[in-house]
Amino acid sequence: MPLFDSDFLKQLEYLSLVSRRVFRGSLLAQRRTLQFGAGIEFADHREYTAGDDLRYLDWNVYARHGDLLLKRFQEEEDLHVYFLLDCSKSMDFGDPTKFDLARQVTAALAYIALADLDRIAVIAFADRIVADFRLTRGKARILPLLDFLERLPLSGADTDLSAAVQEFVRRKQRLGLAVVVSDLFAPGGYEGGLDLLRHRRYEPHVVQLHDRREADPRLLGDIELFDVETDATRKVTVTERNLRRYKKIFDDYQVAVRRYCRNYGAGCTQTSTEIPFDDLILKMMRTAGAVG
């Protein structure tokens with residue numbers, strides 16, 4: 001079954017319409033920067049000086065008071081949104097897999113941004129950057145993006161967010177929103193990569209995915225564990241005590257991710273793969289204040 005079918009495209013359009021109707025542009029639009037220029041939204045006045053464009057003279061003010069004042073407008077800069085998508089082998093787990101949900105979430109957020117004339121790029125990573133969908137703009141680019149995501153393979157060894165971000169920030173590109181879509185199961189931790197994004201003045205938003213069996217594994221007795229990223233195996237005996245300890249470690253890790261994001265003003269969305277992508281996007285809109 002294809003990951004992106006005609007029903008998926010209909011859902012994307014619905015999410016985009018909800019975003020535009022309820023919140024100006026999208027849940028991403030609030031990140032846009034405003035500058036003074038020849039935009040369409042009035043900001044204030046300034047005094048006329050010789051050589052100024054008379055088209056911006058406020059003739060109503062001149063007629064009433066005789067003052068030569070020029071209108072100033074707010075001009076919006078389009079937002080640059082970079083999706084850092086985890087393609088490591090640990091994402092190939094769950095039903096649906098974390099990788100499938102990650103690609104659907106990336107596609108949905110990208111479509112909302114493209115529909116609002118923002119620029120998007122997708123950077124696929126594992127232990128390094130493994131593939132790129134270069135910066136683009138316009139709704140018509142959604143089909144090439146879906147094709148890119150559909151063909152994207154799982155690859156790499158251990159997840160290394162720091163190494164991927166180091167490579168990413170060396171590129172000559174405008175700053176913007178950096179959406180990290182990952183399970184964050186990185187042996188070296190996630191903090192280094194997010195710290196680097198912040199220090200280089202990107203705005204990080206974490207979308208952390210997990211499968212319910214990772215949060216609550218129901219395993220007891222003698223089992224053989226298999227590491228999907230390193231292909232290593234290990235025989236262990238799982239007891240009730242082991243399970244309680246594991247669940248506490250998992251829960252503490254989730255709390256630590258939320259605490260990091262809260263402390264540093266980064267966006268944070270955590271979800272199980274049981275949540276459909278469209279419900280998750282609507283939840284993100286509500287969290288961002290897009291839906292009441």
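Modeller: Let's start with the pairing of β4 and β5: strand β4 (residues 80-86) runs parallel to β5, and seven bridges join the two. One place to look is L84, whose bridge partner in β5 is I123. To get from β4 to β5, the chain passes through helix α3 (residues 98-115), and this β-α-β crossover is right-handed. Keep in mind that this is a predicted model.

Now for the partner that β5 has in strand β6 (residues 129-137): here the pairing is antiparallel, over six bridges. The link from β5 to β6 is a hairpin through three residues. Across this pairing, V122 stands opposite F133 in β6.

How enclosed is β5 itself? Six of its seven residues (residues 119-125) are buried, so the rest of the structure largely encloses the strand.

That brings us to the packing. The largest nonpolar core has 46 residues, and I120, L145 and I281 are the ones that touch the most other members. Helix α3, the one in the crossover, gives the most to this core, with 12 residues. If you click on L145, you'll find that it touches A110, I120, V122 and F133, leaving aside residues up to four places away in sequence.

Note on methods. Residues numbered from 1 in each chain as written. Predicted model: local features only at pLDDT ≥ 70, side-chain atom pairs only at ≥ 80, totals over all residues. Heavy atoms only, no water. Buried < 20%, exposed > 50% of the residue type's maximum accessible area, 1.4 Å probe, protein only. Helix = DSSP H or I, 4+ residues; strand = E, 2+ residues; numbered from the N terminus. Pairing = 2+ DSSP bridges. Right-handed = clockwise from strand over helix to strand, strands pointing away. Core = buried A, V, L, I, M, F, W, Y, C linked by side-chain atoms within 4.5 Å. Contact = heavy atoms within 4.5 Å.
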